[in-house]
Amino acid sequence: MSDDQSPQGEEGRTRCGFVALVGAPNAGKSTLVNQLVGTKVSIVSHKVQTTRALVRGLVIENGAQIVFVDTPGIFPPKRRLDRAMVSTAWSGATDADVIALLIDARKGLDEGNLAILDKLAEAPRRKILLLNKIDTVRRESLLAVAQEAAARVGFDRVFMISALTGDGVRDVVAYLADEMPAGPWLYPADDVSDLPLRVLAAEITREKLFARLHDELPYASTVETEKWETRKDGSVRIEQTIYVERETQKRIVIGKGGQTVKQISTEARKEISEIIEAEAHLFLFVKVRENWADDPERYREMGLDFPKA
């Protein structure tokens, strides 16, 4: 975030707009949003399709409030949850002032990215291309990918960046600040996200769940914050439930002697405490909720529209 927190930029007026970050799973969208904002607002995992709903990160630059929308990865959907995530990603793109397509430079224009480019070409919005992970690819390859992508979609600008290190990211922010439409800010200047803390806390626990269990529990799990109580000493008592679909999955999450869920809780509690800047007392419960991925209420909890069969 810029040090310029004043509500007016060089032209003496405020600007505010939405930038939708779209791309294939694991392109680095969540890492980029966290880099842009300067703190964690979106969870990161080596697993694809980690982001399930729209996460908005807020950046202020030269009098402009830029609302970066981290969308779920776009891929050929197979399950109901997949369809909801992909639909949410495209709706986030069509509602934005600028669409920023993030491509993993190592993968180049593979089948998934080509399909996204074809659909993006039809979107009546300003579009920019962000080639990510540039430190892992030779310059000649980067230029070839950029040229072919630009030939398919009329991008207004192309940027070479590293979401992980921040290389090139400031140039993106400076450009977008000038492109935001005139208007009042939609969020307070000190906000970094529109995500409620209880939701962010649940997302952090889900991130630790994915990291700890790897391929043992792919996507048949969700986390909900059931209780958030601020105590007199300033600490927070948080109760969360990890929902899985089968009893066998519950045993995996709990682990032998409860060790797995204890490790997940320890890692999540530490990060939650850092974010809320207070001591967090985290209590995790694991419950079986069969076919939760077909329950409309769960989709509402995640901020997704429930797709019909």
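A word on the model. It is predicted, so local features need pLDDT of at least 70 and side-chain atom pairs count only at pLDDT 80 or more, while totals for chains, interfaces and linings use all residues. Residues are numbered from 1 along each chain as its sequence is written, and side-chain values use heavy atoms, with hydrogens and water left out.

Of the 309 residues in the chain, 54% count as buried. Buried means under 20% relative accessible area, exposed over 50%, and partly exposed in between, with a 1.4 Å probe and protein chains only. The chain has 9 helices and 9 strands; these are DSSP runs, H or I of at least four residues for helices and E of at least two for strands, numbered from the N terminus. Contact means heavy atoms within 4.5 Å. Among contacts with a separation of 6 or more, 71% are between residues 24 or more positions apart.

Now the inside. A nonpolar core is a set of buried Ala, Val, Leu, Ile, Met, Phe, Trp, Tyr and Cys residues joined through side-chain atoms within 4.5 Å. The largest one has 27 residues, and those with the most contacts inside it include Val19, Phe68, Ile128 and Leu176. At least two residues of this core come from each of β1, α1, β3, β4, β5 and α5, with α5 giving the largest share, 6 residues. A second, separate core has 25 residues, among them Ile103, Leu117, Ala149 and Phe155.

Back to Ile128. Setting aside residues up to four places away in sequence, Ile128 touches, among others, Val98, Leu101, Phe155, Phe159 and Leu176.

Next, helix α8, residues 259–276. Its 18 residues reach 26 Å from first C-alpha to last, close to the 26 Å expected at 1.5 Å a residue; the expected span is 1.5 Å times one less than the number of residues. Buried residues in α8 include Val261, Ile264, Ala268, Glu271 and Ile272. Their cover includes α6, β7, β8, α7 and β9. Just after α8, Glu277 takes a positive phi of about 55°.

Last, Lys208, which sits in α6. Why does lysine 208 count as buried? Because its relative accessible area is 13%. Beyond its neighbours within four places in sequence, Lys208 contacts Lys40, Ile264, Glu267, Ala268 and Glu271.
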